[in-house]
Amino acid sequence: ESVKMTVRPAKREAADIISTVEFNYSGELLATGDKGGRVVIFQHEQESKNRPHLRGEYNVYSTFQSHEPEFDYLKSLEIEEKINKIRWLPQQNAAHFLLSTNDKTIKLWKISERDKRAEGYNLKDEDGRLRDPFRITSLRVPVLMPMGLMVEASPRRIFANAHTYHINSISVNSDHETYLSADDLRINLWHLEITDRSFNIVDIKPANMEELTEVITAAECHPHQCNVFVYSSSKGTIRLCDMRAAALCDRHSKFFEEPEDPSSRSFFSEIISSISDVKFSHSGRYMMTRDYLSVKVWDLNMENRPVETYQVHEYLRSKLCSLYENDCIFDKFECCWNGSDSAIMTGSYNNFFRMFDRNTRRDITLEASRESSKPRATLKPRKVSTGGKRKKDEISVDSLDFNKKILHTAWHPKDNVIAVAATNNLYIFQDKIN
């Protein structure tokens with residue numbers, strides 16, 4: 001059961017709030033980006049023969065500064081170094097590649113290992129000092145000698161100056177040659193080898209900005225069809241576009257929207273219907289969207305309503321007024337699928353995160369906390385009471401901590417291993433081995 005999971009926190013400094021979490025295609029590496037512009041990569045340690053009962057842990061593999069703070073002098077704007085998204089490229093050789101982006105600039109990083117170094121240079125000594133050319137009497141052939149493992153991260157491409165507004169998503173296409181980047185009003189298509197130009201494929205900017213009614217909140221490429229992508233909006237709608245139809249995808253092929261229930265309409269309806277994340281299932285048949293209170297699963301062949309709806313924290317509906325006042329109502333929660341598309345996960349407040357089993361329709365609330373993070377501790381399901389008499393292991397809605405929120409989660413592509421970012425701590429949970 002995914003219910004019994006062991007937990008290990010990877011602690012980081014208080015200032016380093018994690019802003020994105022992403023497993024690579026094999027699940028061997030896990031990358032996190034933070035508000036300080038750093039990327040930390042964790043590697044899955046292979047199981048040791050001496051301790052087979054301990055499944056391999058994730059340990060720090062590489063840390064590098066991906067983005068620095070910048071200043072746009074023309075607009076008098078500070079550009080944060082915060083990493084908004086990380087996306088891995090499928091591995092083609094011994095090196096790993098990933099894309100990372102802040103609000104304005106996308107970078108392609110190569111992460112490679114070095115465990116040998118050249119020795120026996122002709123023009124310099126072993127300590128690196130240049131030798132006097134007149135004293136060189138014989139030529140040596142340099143040889144490769146083993147050395148301690150070094151992991152190097154080097155920027156291979158910088159894709160800049162293509163977005164007027166803040167980049168909210170990047171998505172690598174299934175052709176492995178192109179990728180999308182989306183900001184509030186436009187989506188661009190890039191070739192991974194070409195940095196000085198991109199194609200604008202969606203532009204929803206009105207001629208008069210006063211007529212602006214919605215913004216793009218997320219975009220993703222289809223996992224198998226390289227001509228198809230979707231993007232979600234702040235109005236709670238999703239548009240599916242086909243790049244074969246026209247160079248500019250302003251006209252969508254499919255439009256997914258659930259009709260609003262007039263009985264539940266309120267002042268906050270529009271804010272809470274805004275979609276904060278959209279993710280295709282691995283099969284490519286479904287997509288999942290996250291709004292403020294729920295997660296919905298859509299069949300790509302049915303546009304008028306989702307096939308499944310899961311309430312994440314329905315008990316907050318009566319608290320929307322105070323959540324509006326403390327700005328929490330604008331929090332952008334992400335969601336993710338497990339490797340077989342049979343379960344989904346998304347975060348909530350009080351460091352709770354929710355998992356929904358699509359087959360049994362069972363759901364569970366778990367908590368990422370220091371208390372439960374002793375190695376091989378079993379996570380206990382948490383329950384929130386919404387009034388009336390509170391049972392002893394339930395937590396009251398009024399005592400939930402809204403400063404502790406889990407916005408970013410990731411699920412291993414094959415195994416039952418999940419990564420949960422709780423502010424500045426990364427928790428890695430895995431299935432218990434009995």
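Predicted model: local features only at pLDDT ≥ 70, side-chain atom pairs only at ≥ 80, totals over all residues.
Residues are numbered from 1 along each chain as its sequence is written, and side-chain values use heavy atoms, with hydrogens and water left out.

**Stop one: the strands**

Select residues 96–101 and 106–119. These are β9 and β10, an antiparallel pair held by six bridges. Strands here are DSSP E runs of at least two residues and helices are H or I runs of at least four, numbered from the N terminus; two strands pair if DSSP finds at least two bridges between them. Zoom in on the turn: a hairpin of four residues links β9 to β10, and T101 has I106 of β10 as its bridge partner.

β10 and β11 run antiparallel, with 13 bridges joining them. To find your place along this pairing, pick K107, whose bridge partner in β11 is I158. While you have side chains on, recall that in a regular strand they alternate between the two faces of the sheet.

**Stop two: salt bridges**

How many salt bridges does a search of the whole structure find? The count is 24, taking a salt bridge as a side-chain nitrogen of Lys or Arg within 4 Å of a carboxyl oxygen of Asp or Glu.

Start with K116 and D115, whose side chains meet at 3.9 Å, N to O. K116 is partly exposed at 44% relative accessible area, and D115 is also partly exposed, at 40%. (Buried means under 20% relative accessible area, exposed over 50%, and partly exposed in between, with a 1.4 Å probe and protein chains only.)

Next, select E258 and K296, a salt bridge with its closest N and O atoms 3.0 Å apart. E258 sits in the loop between β19 (254–256) and α1 (269–273) and K296 in strand β22 (residues 294–299), so this contact ties together parts 38 residues apart in sequence. E258 is partly exposed at 32% relative accessibility, whereas K296 counts as buried at 15%.

Then try K279 and D277: another salt bridge, with the closest N and O atoms 3.0 Å apart. Are these two buried or exposed? Both K279 and D277 are buried. For a network, select D16, D34 and R38, which are joined by salt bridges that share partners.

**Stop three: the rings**

The structure holds 18 aromatic pairs. Rings of Phe, Tyr and Trp (its six-membered ring) pair if their centres lie within 6.5 Å; planes under 30 degrees apart count as stacked, over 60 as edge-to-face and the rest as tilted.

Select F159 and Y179. Their ring centres are 5.3 Å apart and their planes at 80°, so the pair is edge-to-face. F159 belongs to β11 and Y179 to strand β13 (residues 178–183), so the contact ties together parts 20 residues apart in sequence. Both residues are buried.

For a stacked pair, go to Y427 and F429, 6.1 Å centre to centre with 15° between the planes. Y427 is buried at 2% relative accessibility, and F429 is buried at 0%. Then select F267, F268, Y324 and F330 together; they form one aromatic cluster.

**Last stop: charges over rings**

Here a charge sits over a ring if NZ of Lys or CZ of Arg is within 6 Å of the ring centre and within 35 degrees of the ring normal. K124 lies over the face of Y121, 4.7 Å from the ring centre. Finish on R358, whose charged end sits over the ring of Y286, 4.8 Å from its centre.
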